[in-house]
There are 2 protein chains.
Amino acid sequence: MTIAEVSKKYGVSADTLRYYERIGLIPPVHRTAGGIRDYTDDDCNWVGFIKCMRSAGLTIEALIEYVTLYQQGDETIQARKDLLIEQRRLLLERIAEMQATVERLDGKIERYDQWNQRFSQQLAQSSSKNEQP
Amino acid sequence: MTIAEVSKKYGVSADTLRYYERIGLIPPVHRTAGGIRDYTDDDCNWVGFIKCMRSAGLTIEALIEYVTLYQQGDETIQARKDLLIEQRRLLLERIAEMQATVERLDGKIERYDQWNQRFSQQLAQSSSKNEQP
DNA sequence: ATACACCATGGAGTGCACTCCAGGTCAAGT
DNA sequence: ACTTGACCTGGAGTGCACTCCATGGTGTAT
């Protein structure tokens with residue numbers, strides 16, 4: 001597959017694909033004799049994997065380390081697994097934090113609801129200032 | 001409260017607090033006669049709220065709009081509520097995406113486990129290449 | 001009253017993660 | 001062989017979200 005095809009398939013610009021390869025966020029891509037990138041299925045899977053992990057918020061740093069370990073061969077399998085486990089833990093931590101934020105928003109939204117109720121009851125009577133942040 | 005105290009309390013640098021105020025991410029903070037910031041409880045609550053929302057990933061853009069609406073008074077209550085509901089929805093969407101990524105990581109980690117099992121069974125026999133991304 | 005730590009502002013600087021560009025190479029169609 | 005469009009590289013440029021800095025004002029303790 002050409003870089004344009006991979007770009008389209010994964011919704012990642014060709015520039016970004018080259019950039020990812022340059023910084024080691026994906027392993028070197030297979031090339032034609034002329035030096036043009038010719039993504040194999042494995043290369044594509046790396047792109048998909050990295051895209052998924054990046055959009056979930058894994059740091060570039062951690063992913064580069066994973067790729068680096070991968071390229072060092074079978075001796076690093078335990079290290080790679082440990083890395084993934086740690087990143088999974090961080091991800092769950094962030095999910096929990098975001099869940100807490102959802103609940104905070106729920107509380108705020110509910111207070112707006114209550115205000116609306118009071119407002120419709122008091123329509124055309126006195127007006128009370130709404131002071132919630 | 002002085003800016004230094006607020007900075008310490010919320011773990012946000014004084015520069016960032018001033019920056020947030022400047023771009024309208026928090027409403028203007030109360031000042032002393034001499035022009036020095038003197039955060040009220042309300043000002044502090046804004047800082048806490050914005051910090052929480054930012055670290056959950058809400059965009060600065062959306063939060064500025066929320067603050068802008070807030071400053072326009074009671075007429076914007078419905079709009080503010082709608083904004084929060086929409087942001088809540090986006091947050092849940094991202095949580096779901098991250099949850100899917102956790103599951104993808106689980107699958108990968110499990111495959112590393114299986115490889116380790118095979119490896120310890122085959123110890124000192126043949127070596128098989130590990131090809132998972 | 002003066003020293004000195006803290007605070008103010010406007011503007012410049014930083015690091016990240018791309019994104020764009022110039023100048024040149026490659027390859028598919030005619 | 002030639003045109004044309006996609007691709008190559010190295011390097012410069014961009015936008016965001018801060019972060020730092022120079023210069024000058026504030027306010028409290030001695």
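1. Salt bridges between the chains. In this predicted model, four salt bridges are counted between chain B and chain A. One pair to inspect is Lys81(A) with Asp113(B): their side chains form a salt bridge, with N to O at 2.3 Å.

2. Polar contacts between the chains. Ten residue pairs are in polar contact across the interface of chain B and chain A, both partners being at pLDDT 80 or more. On the side of chain B that touches chain A, the elements giving two or more residues are helix 3 (41-56), helix 4 (60-71) and helix 5 (77-121) of chain B. Helix 5 of chain B gives the most to that side, with 26 residues.

3. Composition of that side. The side of chain B that touches chain A holds 20 nonpolar residues, eleven polar ones and twelve charged ones.

4. Extent of the protein interface. Chain B puts 43 residues into the contact, and chain A also puts in 43 residues. The size of an interface is often given as the accessible area lost when the parts come together. Here, about 4,200 Å² is buried between chain B and chain A. Carbon and sulfur atoms give 65% of that area.

5. Phosphate contacts from chain A. Arg18(A) places a polar side-chain atom 2.5 Å from a phosphate oxygen of DNA strand D.

6. Elements at the DNA. Two elements give two or more residues to the surface near DNA strand D: helix 1 (3-10) of chain A and helix 2 (14-23) of chain B. Which gives the most? Helix 2 of chain B does, with four residues.

7. Composition at the DNA. The residues of the surface near DNA strand D comprise seven nonpolar, six polar and five charged.

Definitions and conventions. Residues are numbered from 1 along each chain as its sequence is written. Chains are lettered from A and ligands numbered from 1 in the order in which they are written. This is a predicted model: local features need pLDDT of at least 70, side-chain atom pairs count only at pLDDT 80 or more; totals for chains, interfaces and linings use all residues. Side-chain values use heavy atoms; hydrogens and water are left out. A polar contact is a pair of N or O atoms within 3.5 Å; within protein, one must be able to donate a hydrogen and the other to accept it, and residues adjacent in sequence count only if both atoms are side-chain atoms. Ala, Val, Leu, Ile, Met, Phe, Trp, Tyr, Cys and Pro count as nonpolar, Asp, Glu, Lys and Arg as charged, and the others, Gly among them, as polar. Contact means heavy atoms within 4.5 Å. Buried area is the accessible area (1.4 Å probe) that two parts lose on being put together, summed over both.
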